[in-house]
Amino acid sequence: MSLTEPTGRQGAGEYPGQTQSSASWLALAAEIEPQVAQYFLVSARCGCFMQAARSLNIKSTVLRKQLMLLEEHLRRALFCYQGSALSLSREGQQLQAQLIA
């Protein structure tokens with residue numbers, strides 16, 4: 001996957017072997033590095049990787065790579081991609097609520 005190109009994913013995907021309960025994967029939120037949590041929250045607020053990267057003063061490729069690693073770590077699709085816009089999946093909304101609380 002090129003980090004500068006859209007992934008072609010439409011909607012929230014399921015990760016193979018996704019067997020963790022909602023409570024157990026959300027417990028992993030406590031292990032997320034503060035910087036990565038900030039990247040996630042700013043991306044969720046902005047709805048655009050480019051705008052979020054500018055807000056964070058980092059390259060969009062760095063931001064997308066960190067968020068991709070976060071999704072792989074949690075084994076959850078956190079974003080829904082619709083063209084150039086993005087929104088949070090149900091799991092992304094749960095993670096956002098967990099991180100804000």
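1. A quick convention to begin with: a contact here means heavy atoms within 4.5 Å. By that rule, and not counting residues up to four places away in sequence, Leu67 touches Tyr39, Phe40, Ser43, Phe49 and Phe79. Leu67 is found in helix H4, where helices (H or I, at least four residues) and strands (E, at least two) are DSSP runs, numbered from the N terminus.

2. Some housekeeping before we go on. This is a predicted model, in which local features need pLDDT of at least 70 and side-chain atom pairs count only at pLDDT 80 or more, while totals for chains, interfaces and linings use all residues. Residues are numbered from 1 along each chain as its sequence is written, and side-chain values use heavy atoms, with hydrogens and water left out.

3. Now the overall layout. The protein has five helices and two strands, and along the sequence they follow the pattern α-α-α-α-β-β-α. Of the 101 residues, 37% are buried, buried being under 20% relative accessible area, exposed over 50% and partly exposed in between (1.4 Å probe, protein chains only). Among contacts with a separation of 6 or more, 63% join residues 24 or more positions apart.

4. H2 covers residues 34-46, 13 residues in all, and spans 18 Å from its first C-alpha to its last, close to the 18 Å expected at 1.5 Å a residue; the expected span is 1.5 Å times one less than the number of residues. Gly47 follows H2 and has a positive phi, near 75°.

5. What does the buried side of H2 pack against? The buried residues of H2 are Val36, Ala37, Tyr39, Phe40, Val42, Ser43 and Cys46. They pack against helix H3 (49-56), helix H4 (60-74), strand E1 (79-82), strand E2 (85-88) and helix H5 (90-100).

6. Next, the pairing of H2 with H4. Their axes lie 10 Å apart at an angle of about 105°, with axes fitted as lines to C-alpha atoms, for helices over the stretch in contact, and angles running from 0 to 180 degrees between N-to-C directions. H2 and H4 are therefore roughly perpendicular to each other; the classes are roughly parallel under 35 degrees, roughly antiparallel over 145, roughly perpendicular from 65 to 115 and oblique for the rest. Val36, Tyr39, Phe40 and Ser43 of H2 meet Leu63, Gln66, Leu67 and Leu70 of H4. By class, that contact has six nonpolar, two polar and no charged residues (Ala, Val, Leu, Ile, Met, Phe, Trp, Tyr, Cys and Pro count as nonpolar, Asp, Glu, Lys and Arg as charged, and the others, Gly among them, as polar).

7. H2 also packs with H5. Here the axes come within 11 Å and cross at roughly 120°, and H2 and H5 are therefore oblique to each other. On the H2 side the contact is made by Ala37, Phe40, Leu41 and Ala44, and on the H5 side by Gly92, Leu95, Gln96, Leu99 and Ile100. The contact of H2 with H5 has seven nonpolar, two polar and no charged residues.

8. Finally, two residues of H4 to look at together. Leu67 has 3% relative accessibility and so counts as buried, and its C-alpha is 10.0 Å from that of Ala77, ten residues apart along the chain. Thr61, also in helix H4, counts as partly exposed because its relative accessibility is 27%. Thr61 and Phe49 are twelve residues apart in sequence and 8.8 Å apart, C-alpha to C-alpha.
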